[in-house]
Amino acid sequence: MAEVRLEGVTKSFGGKVAVDNLNLTVEDQEFLTLVGPSGCGKSTTLRMICGLERATEGHIFFDGKPVSWLPANKRDVSMVFQSYALYPHKTVRQNIGFALKMMRVPKATVSEQVLQAARTLDIEDLLDRKPRELSGGQRQRVALGRAIVRDAGAYLLDEPLSNLDAQLRVLMRAEIKRLHVDVARTFIYVTHDQVEAMTMSDRIAVMRDGVVQQCATPEEIYERPANRFVASFMGSPPMNFVTGELADADGTRTFRSPALTVPLTGPTSPATLPDDPRVVLGIRPEDVTLSAAPVAGHHPGKVFVAEPLGPDVLVTVRIEGELIKARVPTPFRLGHDSTVYVGFTPNRLHLFAAADGTALH
Ligand code: ATP
């Protein structure tokens, strides 16, 4: 059992704040991902949970017990690093069993547990090889094996897939997700890759400049981003943003910019008009529709460029001065500079205050 709770955790290096007053509870057996751009404080947070770094302020609790003063080896956690850190001269079997050996676990038990970890990761046939005789993906599995061979309440993973090529990353992503189900423990995962965060996690904490911007399920982060930063970071290709003003026109709340006039309905229409009418309209490319013939309420534009993605085509359309990206099903037959009519799926639009980027729900 391991619920991990951070209360008002701050970490400064010299005068510089790397993690700023972080409050976060990771439930027992949850898969929580810390995601954000380089330098936002993800690794520092993980290292404080692990005990490799001490918080400047605040407290960390495992199952309600304070652990802030416990050294790493006294905490019930096991960590996988980006660099793998395998011992080059030891076999896979010795690498996986090393931590147990150091803990003076009896030899027979070590053998048994190493075998069990190797079975879980499907690397039984590699146990007598040295790291240099393994592929990148196999090395990654050995690194995971070293972590899971120890029965810990929480497994902490710091960018474990970043050294792998794109194809292998996709494969290992699914394997780690399945591993979480099999070992049924708390996983705290750090990545800068929003796709990894979306696909693997029960919940995602999006960080920026040492501050958690939003902590929620992948669906909620995607459907209801708390601010413009979260909206822009999560989703590929990224959300379109258009700056304009909010007004009531003929009884309908309406977004207006030089290029677009968009009536807002349902969840996209804020209950009250904000004091500051300057807003940013957010539209995900999959919520943009294109038609060759005019449609009432759609905006005429010109095809700027079309990029085939396989099942979909990413079409950039110029409307007045704005470039809007649409993700539409293949085939898309209009050529460059053709006129196209652009519509937006009602109820799927996002509004943010222009001043500070906060979502207006
Ligand atoms: P990345 O994805 O690049 O690993 P990150 O989100 O994990 O980034 P951290 O490694 O946690 O970010 O770093 C957060 C901030 O703290 C950065 O500005 C970094 O330069 C700084 N920092 C981290 N460790 C130290 C250290 N030991 N001494 C001084 N500054 C540090």
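Biologist: What share of the 361 residues of the protein chain counts as buried?

Modeller: The share is 35%. A residue is called buried if 20 or more other C-beta atoms lie within 10 Å of its own, exposed if 12 or fewer do, and partly exposed in between, with C-beta atoms placed from the backbone. The model is predicted: local features need pLDDT of at least 70 and side-chain atom pairs count only at pLDDT 80 or more, while totals for chains, interfaces and linings use all residues. Residues are numbered from 1 along each chain as its sequence is written.

Biologist: What makes Gly145 buried or exposed?

Modeller: Gly145 has 25 other C-beta atoms within 10 Å. Gly145 is placed in helix α4, where a helix is a DSSP run of H or I of at least four residues, a strand is a run of E of at least two, and both are numbered from the N terminus.

Biologist: Which residues does Gly145 touch, not counting those up to four places away in sequence?

Modeller: They are Ile96, Ala117, Ala118, Leu121 and Ile123. Two residues are in contact if their C-beta atoms, placed from the backbone, lie within 7 Å.

Biologist: Why is Gln29 called partly exposed, and why is Glu320 called exposed?

Modeller: Gln29 has 18 C-beta neighbours inside 10 Å, so this residue falls between the two cut-offs and counts as partly exposed. Glu320 has 11 other C-beta atoms within 10 Å and is therefore exposed. Gln29 lies in the loop between β2 (16-26) and β3, and Glu320 in the loop between β17 (312-319) and β18.

Biologist: Which form, cis or trans, does the peptide bond from Ser236 to Pro237 take, and which form joins Thr330 and Pro331?

Modeller: The bond from Ser236 to Pro237 is cis, with omega near -5°. Thr330 and Pro331 are also joined by a cis bond, with omega about 0°. Pro237 is in the loop between α8 (228-233) and β11 (240-249), and Pro331 in the loop between β18 (322-329) and β19 (339-344).

Biologist: Which residues of α5 are buried, and why are they said to line one face of the helix?

Modeller: Met172, Ile176 and His180 are buried. Viewed down the axis of α5, the buried residues fall within an arc of 90°, so they line one face; the arc is that of the directions from the helix axis to the C-beta atoms. On the other side, Gln167, Ala174, Arg178, Val181 and Asp182 are exposed. The cover over the buried residues includes β3 (31-35), α4 (136-148), β8 (186-191) and α6 (194-200).

Biologist: What makes α1 a mostly covered helix?

Modeller: Of its 9 residues, 7 are buried, namely Lys42, Ser43, Thr44, Thr45, Leu46, Met48 and Ile49.

Biologist: How many residues does α1 give to the shell around the ligand, and how does that shell divide by residue type?

Modeller: Helix α1 (residues 42-50) gives 3 residues, the largest share. The shell takes in residues whose C-beta atom, placed from the backbone, lies within 6 Å of the ligand; among them are Phe13, Ala18, Lys42 and His192. The shell has 3 nonpolar, 7 polar and 1 charged residues. Ala, Val, Leu, Ile, Met, Phe, Trp, Tyr, Cys and Pro count as nonpolar, Asp, Glu, Lys and Arg as charged, and the others, Gly among them, as polar.
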